[in-house]
Amino acid sequence: MATPRLERVRSIRERVEDTLGEHRNELVSLLSKYVAQGKGILQPHHLLDAFEEIEDHGRNRLAEGPFLEVLKTAQEAIVLPPFVAIAVRPRPGVWEYVRVNVYELSVDQLSISEYLKFKEELVDGHYNDHYTLELDFEPFNANFPRPSRSSSIGNGVQFLNRHLSSIMFRNKDCLEPLLNFLRAHKHKGHVIMLNDRIQSLGKLQSVLSKAEEYLMKLPSDTPFSQFAYQFQEMGLEKGWGDTAERVLEMMHLLLDILQAPDPNTLEAFLGRIPMVFNVVILSPHGYFGQANVLGLPDTGGQIVYILDQVRALESEMLLRLKKQGLDVEPKILIVTRLIPEAKGTTVNQRLERVSGTQHTFILRVPFRSEKGILKKWISRFDVWPYLEQFTEDAISEIGSELQGTPDLIIGNYSDGNLVASLMSYKLGITQCNIAHALEKTKYPDSDIYWKKFEEKYHFSCQFTADIIAMNNADFIITSTYQEIAGSKNTVGQYESHTAFTMPGLYRVVHGIDVFDPKFNIVSPGADLSIYFPYTEKSKRLTSLHKSIEELLYDPAQNSDHLGWLDDKSKPIIFSMARLDRVKNITGLVELFAKNTRLRDSANLVVVAGYNDEKRSSDREEIQEIQKMHELIKSYDLFGQFRWISAQTNRARNGELYRYIADTNGIFVQPAFYEAFGLTVVEAMTCGLPTFATLHGGPAEIIENGISGFHIDPYHPDQAASLMADFFDNCKKDPEYWTKISDGGLRRIYERYTWKIYSERLMTLAGVYGFWKYVSKLERRETRRYLEMFYILKFRDLAKSVPLAIDDAH
């Protein structure tokens, strides 16, 4: 039998040339269709639509060759007759660029820089400036380890642990930094872990062996305080554990690393070292408060995320410090903007304890300029000229609250991540970034045509801030893989910052590498005090059932609810989201309205926006309100449909999910795209079988057919049939509903709880804290490059944003 040969993967240019050789007429016909559309950018669906328009014989011939695969993986094409340049993405994080001259039938492979320069001609005509500023971070990262498989993206800490442990295994001298790292540990001037009696690895190993022998003779629950003095004499300080058993576990981990390092042991050990006592979380924009703020401008999911995050994080820090044998009170500060014009909220108070915590506070610092303190709210798009002074003021306020510096800084969104970068750079502290949403992917072509957006959005500042923060961060947390690197067919939010151009400003040829081991997927959960299974009867908020029944069944037609349900015995199809085009609530109503089988099986209830367009000032919401009223009338949905206006009472919303579960209902999330899908997690946590969009995060949350179902909002008929089939199956098998409900709960407890999140975050802080320590000299060049870019480019861009003027009273 012949041995199969490994063949080189042919480049995109070679595949196009092959197609030109074999199917010249058909390819010229297709490319001519692109050129005929004139100068511009063609999106993937434009490219495939033109392919479908070719006559059958030609289309079949092209489909046989390699060009169709090129077309399917193309993300955009730039048409500047007679040229067509195509950006091809064979797999997540990997790009190639080709340009075809349709008149001369020649093909060129383009570098990133050449492709972007060609793209700039869309805006400026022929681009003559040979000295455009090009940002290229690749040379700084050339010697940094990184995975090469797309499936490894987002598992940075695992890769880093493998890399570090293999170096330590091959070269025992590389264990020296670990010794120095342990010896450098102090808290408020007090030595922890090792004192100066231990000066070498040999001494450390012998002391650990001696301590191990000593501990083996003690009862496992012996408190550290009973042998602290003996340990101190050996060179060991507190921080190893609170009992003999825990100290022994920690020492075994370190002995294993010293003898034969492996990634799991290294991660477990680094994650247990007491490193994080004080955390600062930065979220400058919006009305950051605990009550009466949701729904105010720029104030929504990010605040809910952070408040849930800090409660879980404080619990985890307290637990770890206890297990580490340290009598230390941790402190978490959420640093945000103080807004004097508070609109009935607490955002004008300097310091506010977070409810449900002991050691977590919101610390508010005003925006200041030479005009004085800014009193009114300003949009997140207008904050840029205030952030440098805000950082300096915040450092001072943090110092007075903590009586020292934080051990970990977590930035949120573009503004918080930039402030985190400035703070981390100045104080030398480990920095974590959480983007929540990167605006570049929300606004198509907002880079190439940035000047069109500049007056309203100031994207020149935002995209510059994002590039600085991404490259300055020690590690980056995302909720899903898709946030980093998209899917087979869609580009990830971070991936879109790999290469782009802002003509007349600068060109990014290597901005961020999605294979960088700084990326880690750490998914949030739902607040388990509010969202818990419908079966936990003793915790149920039955006192709210009367108001929930009024929401669902009160016949009154008013601004709180429209429509009614004639048959209360039917299960309820439930959805809750903002009323905008992307969330696609009207799409759900339409698919329900058109499917007789579904309407016979269940009622539909949605919680979304306002039901009166006069109450809304948002143009997109007004259009959706109008569409909803049209659907109700044209499909005569009265008696089967209830439209409830937006609800901000989280406790009642939690009980509402469970009440729907009592009806053997389902939850549907029909968005055209959803970055994560917190309502999906909430519904599943309450035990409600969930049908959610396969575009975005929910596709990763739900295992289709096991813990819920994927639906495609672009194929609403199929989605409606899938739901109708579910209700039919429930009638045939009374256990089927419970099976899917239980599957959803299992999935949540395995992956999507704040406890899992906070454990992972603390472990990441340990590993990346160590990595920052051992690689700090290698990172110095990157820091200097970023510093220069910030001072020479960002500062001028920020100054170009007009300062806000307070209204005269």
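**Close-up 1. Five strands form an open sheet with antiparallel pairing.** The strands sit in the order β1-β2-β3-β4-β5; strands are DSSP runs of E with at least two residues, numbered from the N terminus, and helices are runs of H or I with at least four. Two strands pair if DSSP finds at least two bridges between them. At the edges are β1 (40–42) and β5 (106–110), each pairing on one side only. From one strand to the next, the twist averages 20 degrees. Please keep in mind that this is a predicted model, in which local features need pLDDT of at least 70 and side-chain atom pairs count only at pLDDT 80 or more, while totals for chains, interfaces and linings use all residues. Residues are numbered from 1 along each chain as its sequence is written, and side-chain values use heavy atoms, with hydrogens and water left out.

**Close-up 2. Strands β3 and β4 pair in the antiparallel sense.** Seven bridges join β3 (residues 83–91) to β4 (residues 94–101). Which residue in β4 is the bridge partner of phenylalanine 83? Look for asparagine 101.

**Close-up 3. Helices α3 and α6 lie across strands of the sheet.** Helix α3 (residues 44–53) lies across β1 and β2 (74–80), at about 80 degrees to β2. Helix α6 (residues 112–124) lies across β1, β2, β3, β4 and β5, and runs at about 55 degrees to β2. Contact here means heavy atoms within 4.5 Å. Axes are lines fitted to C-alpha atoms, for helices over the stretch in contact, and angles run from 0 to 180 degrees between N-to-C directions.

**Close-up 4. The largest cavity has a volume of about 140 Å³.** A cavity is a set of points on a 1 Å grid over the protein atoms alone where a 1.4 Å probe fits but cannot get out; lining residues have an atom within 4 Å of a point. A volume is the space filled by probe spheres set on the points, which are joined across faces, edges and corners. Thirteen residues line the largest cavity, and Asn141, Phe144, Asp516, Lys518 and Arg779 are the closest to its centre. Helix α30 (residues 754–799) gives the largest share of this lining, four residues. The lining of the largest cavity has six nonpolar, three polar and four charged residues. Here Ala, Val, Leu, Ile, Met, Phe, Trp, Tyr, Cys and Pro count as nonpolar, Asp, Glu, Lys and Arg as charged, and the others, Gly among them, as polar.

**Close-up 5. The second largest cavity holds about 90 Å³ of space.** Of its 13 lining residues, Ile273, Met275, Val276, Gln324 and Met762 lie nearest the centre.

Terms used
On a 1 Å grid over the protein atoms alone, a cavity is a set of points where a 1.4 Å probe fits but cannot get out, and a pocket is an open set with protein on both sides within 12 Å along at least five of seven lines; lining residues have an atom within 4 Å of a point.
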